[in-house]
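Please keep the sequence and the model in view while reading.

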Amino acid sequence: MDGSEIPPFFVCPISLQVMEDPVTLCTGVSYDRESISRWLSAYRQATCPVTNQPIADKTLTPNTTLLRLIHSWAAAKAATTHRLPLAAAPPRAVVDVSAILALAGELRRPEGQLSAMRRIKELVQENGEYRDFMEETGVTSLVSQLVTKPPPPEGCGSLLNNAVAISDEATSLLYLMSPPAAILKKLSEIRNGELIRSLSSILQRGSYQARVHSILLLRTIFMAVDGNFKADLQADLFDGAVEILKDQNCDRAASVAALSVLAEVAPHGRNRVKAVESGAVAALVELLAEEKGEGRKCEAMLALLEQLSRRAEGRAALVSHAAGVAAVAGKLLSGSAAADGKAVRILLLLCRSCGGRALVEEMAAVGATEKLVALARQQEGNSKTREKAKEILAINLDSWRRSPCFPANFVP
């Protein structure tokens, strides 16, 4: 093999040959096992040859990812030069690592970024094994940087259009590469959450596909990052997530992801108020009213609505919506104990703080009273739900007792 064509991180720092059995020291540097073993044992050295740091732990950890990269690169080189690959190369090695490395170089050149990303997307779609090599070759980090690259100032015409196209393509490619949650967490922590801010902006200004991929990425990110990255979020995130919820033609997976994102960030900072201001309550009410299934999506919507109802702004938005109380009451006795519990807790929050003749009459008119009585009388089911149903009935007992539909002998 032509040494000039060998990727530098395939070469052992000691032997200066392609590693046959790469292992990693506690210092994070990889060596060929035979070379580093000789360094530590035969030469009795106690420092890392590259970093010169003392080696406290002499454990040699196999670097299986690097080994697969070397094998794939060797197989690709053998196919193009008609030379035999490394003896240890597995027959299934079909990933052209040299192509990935070349494309990684193109990602660093502004004029080649768009075409390079499209080619990488083709490779990943053709062969899912390419995903395994994206982090090691630096592609994941480079694509993340393109997502976060700030656009040129307004009025730059074609430059702005090109920047938006690159940002959208990078977002979709980052999602397609499916980086592990730990990698997304690491990328999201760079520059105090720059990736989160960029994906939030894409929810508002990106193409339809980029918006869908952005919300799917954000779901994974928010499940991985610490709480300080979930506070003080920009309005774009809430506005974009709500727009996805309201879009009847939107992919169901994106709609579920939007619910998950809003639920994950709601408890932090002023996010509940921001969600209410973005119209989340109205969107949830309308979805609940239309939802025919009684599965997890319905439970997720009620869970988010309960969180928002813990703020005065959320309760006011729910009560003021013409279908708000009816949508929640309609999920009582729906066949899901979890949905029953969430719907009861929402109604209890309303009764405790928004009580009044209008609310009492509306709950009776939409059938909430009869359903609450049935829940309170259940011998089975969740005891906490039963007790909260009784509390609602006790709060409104004087008003509801005058109704001919209310059981005369009922005592909460």
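Leaving aside neighbours within four places in sequence, Arg 108 is in contact with Gln 113 and Leu 142, where contact means heavy atoms within 4.5 Å. Arg 108 is found in the loop between helix 3 (97-107) and helix 4 (113-126); helices (H or I, at least four residues) and strands (E, at least two) are DSSP runs, numbered from the N terminus. Arg 108 is exposed because its relative accessible area is 56%; buried means under 20%, exposed over 50%, and partly exposed in between, with a 1.4 Å probe and protein chains only. Between the C-alpha atoms of Arg 108 and Gln 145, which stand 37 residues apart along the chain, the separation is 10.0 Å.

The model is predicted: local features need pLDDT of at least 70 and side-chain atom pairs count only at pLDDT 80 or more, while totals for chains, interfaces and linings use all residues. Residues are numbered from 1 along each chain as its sequence is written, and side-chain values use heavy atoms, with hydrogens and water left out.

The secondary structure of the protein chain comes to 21 helices and three strands. Of the 412 residues in the protein chain, 46% are buried. Among contacts with a separation of 6 or more, 65% are between residues 24 or more positions apart.

In soluble globular proteins, nonpolar side chains tend to be buried together. The largest nonpolar core here has 119 residues; such a core is a set of buried Ala, Val, Leu, Ile, Met, Phe, Trp, Tyr and Cys residues joined through side-chain atoms within 4.5 Å. The residues with the most contacts inside this core are Leu 107, Val 139, Ile 215, Phe 222, Met 363, Leu 372 and Ile 392. Not counting residues up to four places away in sequence, Ile 215 touches Leu 203, Ala 241, Ile 244, Ala 254, Ala 257, Ala 258 and Val 261.

Leu 217 lies in helix 9 (residues 208-224). With a relative accessibility of 3%, Leu 217 counts as buried. Beyond four places in sequence, the contacts of Leu 217 are Thr 171, Leu 174, Tyr 175, Leu 184 and Leu 199. Leu 217 and Thr 171 are 46 residues apart in sequence, and their C-alpha atoms are 8.6 Å apart in space.

Which helices supply at least two residues each to the lining of the largest pocket? They are helix 10 (235-246), helix 11 (252-265) and helix 13 (280-290), and helix 13 gives the most, with four residues. On a 1 Å grid over the protein atoms alone, a pocket is an open set of points where a 1.4 Å probe fits, with protein on both sides within 12 Å along at least five of seven lines, and lining residues have an atom within 4 Å of a point. The lining comprises 15 residues, and Leu 245, Asp 247, Gln 248, Leu 287 and Glu 290 lie nearest the centre of the pocket.

Helix 13 also has buried residues, namely Ala 280, Val 281, Ala 283, Leu 284, Val 285, Leu 287 and Leu 288. Within helix 14 lies Lys 297, which is buried because its relative accessible area is 12%. Lys 297 touches Arg 252, Ser 255, Val 256, Leu 259 and Glu 291, not counting residues up to four places away in sequence.

There are two aromatic pairs; rings of Phe, Tyr and Trp (its six-membered ring) pair if their centres lie within 6.5 Å, and planes under 30 degrees apart count as stacked, over 60 as edge-to-face and the rest as tilted. The rings of Phe 9 and Phe 10 have centres 4.9 Å apart and planes at 80°, so this pair is edge-to-face. Phe 10 and Trp 73 also form an edge-to-face pair, at 5.5 Å centre to centre and 70° between the planes. This second pair links distant parts of the chain, with Phe 10 in the segment before strand 1 (22-24) and Trp 73 in helix 2 (residues 64-81), 63 residues apart. Phe 10 and Trp 73 are both buried, whereas Phe 9, at 32% relative accessibility, counts as partly exposed. Phe 9, Phe 10 and Trp 73 form one aromatic cluster.
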